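Trainee: Before we start, I would like to ask how the terms for this structure are applied.
Mentor: Go ahead; here it is.

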Amino acid sequence: MGGPVTQAVTILGATGSIGTSALDVIERHPDRYRAHALTAHSNVEALADLAQRIRPDVVVIGDPALEDRLRSAMRARGARAEVAAGARALVEVAGAPEADAVLAAIVGAAGLMPTLAAAEAGKRLMLANKEAVVCAGALLMAAVRRGGATLLPVDSEHNAIHQCLAGVRAVERDGARLVLTASGGPFRDRRDLDSVTPQEACAHPNWVMGRKISVDSATLMNKGLEVIEASWLFGIPVERIEVVIHPQSVVHSMVEFPDGSVLAQMGTPDMRTPLAYALAWPERIASGAQRLDFARLGGLTFEAPDHRRFPCLGFAFDALRHGRGASAVLNAANEVAVQAFLEGRLRFTDIAPTIERVLESYDPPEPAGIDEVLEIDRRARGHAANALALRA
Ligand code: NAD
Ligand code: MG
C-alpha cells in the first residue's frame, strides 16, 4: 500500500527562525505533512505570505489589535485560511483536535500556555520554546503525562540527548550524566564586553537565530536555560549535568555512562536536522542540512566555560539547585534584561547583575499550579523593572 499517512502540523511561532526552518523541512515532504495552523505575534505581512504559500486551514495573530490588518493582508493575497487573534486563540489552536503535531516555537514565557495546551491535548509536541520548560518544568511534564503527549525536543542539545538515549534502558539511565555542548557565543575570546552592541550580540558564529536567543547565547544564559530544560526533560538531577564549550558546534551534546562510555550526536549546525527528527520520529527523513564532511572539519575542540566572564550560566545552575520558583524568576528577569539590552537601555555587562539582583530580592515558593507560575513571572518582571530603574 501507499506511503506514510499525512500528518497535520501546527506551528506556533511560524514566522520565527525555528518556524521558518520547520516549514522548509515540511515543504520538502508534501506527502507526509500539511499545515493545520500557523501563528505569529505581530508580523502580519509575513503571516499572510505564509498563508498564501503554505495554505494552512487556520492562521492566528497573537496581537488582537492586528486581526483586521491580517484579514486585509490575506484578502490582498487571495489567501483563504480561517483567521483568529489573541492569546486565547493561540491556546485553542494549540490544543485543537485537527492537528496531530504541534511545534512550540514561540519565544519566551509567552509560549507557556499554548505549549501546555498542546501537551494536555496529547499531541506530538515538538518543543523549541525552552522558556516554557524553565518556567514550569514540573507542570509541563505532568501535562505531557496526563495528556499522553509525545515530547520531542527540538533544541539541538536536547534533541542530541534524546537520540543518544534511544534504546537506553531505565537502569542504564540511572547513572548517566549529560554533557551539554555550547559554542561559547560570539564573545568567547573578546576582552571588552562593556561596549558590545545588540547587533554584535545577534551575530552568532554558527547559528542564525531570533534576537532573544542570540543574546542568550552571547551571555551563556542560553546554556543555563538548557541545563534546566535538560534536567526536566530527561529527569536528570543538576549534579549529573555538565557544560563544555565546543566552538565548532558539531557535537550537539553527549551522554556519559558509569563504565566510561560516552555517546555523542553530531551533525552540521542546522536546526533543520533536529526539526526533521522531531517531525518524523521514529522514522528519519531528509532535512536539507549539509552532510558532515569529516575530512574538511579539521578539528573538534573542547574547553571549560569561563564562569567569571559569563556568570549567567552559574545563575541557572544555582536556580535549578535552589528549586522553588527560582527558575521562573531567572527566566522572567532575563527576558526583561535582554529586551532592555536590545532596546539600548542596558549595557551587555549589566544583564547579569540585573538578573542577580532580582534573584536576590525575590524568592517565591514552588508554584503549585500554572496561575502561580504566571504570578511569579509577573512579579519577577516587576522586580526586574525596578532593578533596571536603579541602574539607569
Ligand atoms: P524568533 O524571535 O525568530 O521567533 C519567535 C516567534 O514567536 C515568531 O514567530 C513570533 O511571531 C512569535 N512570538 C513572539 N512573541 C510572541 C508572543 N508574545 N505571542 C505569540 N507569539 C509570539 O525566535 P526563534 O529563534 O525562532 O526561537 C523560538 C524558540 O525556539 C525560543 O524559545 C528559542 O529559545 C528556541 N530555540 C531556537 C533556536 C534557533 O536556532 N533559533 C534553537 C533552539 C531553541
Ligand atoms: Mg540549544
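**Pocket and metal site**

Mentor: The lining of the second largest pocket has four nonpolar, two polar and four charged residues. This is a predicted model, in which local features need pLDDT of at least 70, side-chain atom pairs count only at pLDDT 80 or more, and totals for chains, interfaces and linings use all residues. Residues are numbered from 1 along each chain as its sequence is written, chains are lettered from A and ligands numbered from 1 in the order in which they are written, and side-chain values use heavy atoms, with hydrogens and water left out.

Trainee: What makes a residue nonpolar, polar or charged here?
Mentor: Ala, Val, Leu, Ile, Met, Phe, Trp, Tyr, Cys and Pro count as nonpolar, Asp, Glu, Lys and Arg as charged, and the others, Gly among them, as polar.

Trainee: Which protein atoms are donors of the magnesium ion (ligand 2)?
Mentor: They are Asp155 (OD), Glu157 (OE) and Glu226 (OE), lying 2.1 to 2.2 Å from the ion. Donors are N, O and S atoms within 2.8 Å of the metal (3.2 Å for Na, K and Ca), and water is not among the atoms, so sites may look incomplete. Along the chain, the donors follow the spacing D-x1-E-x68-E.

Trainee: Why does Asp155 count as buried?
Mentor: Buried means under 20% relative accessible area, exposed over 50%, partly exposed in between (1.4 Å probe, protein chains only). Asp155 has 7% relative accessibility, so Asp155 counts as buried. Glu226, at 1%, counts as buried too.
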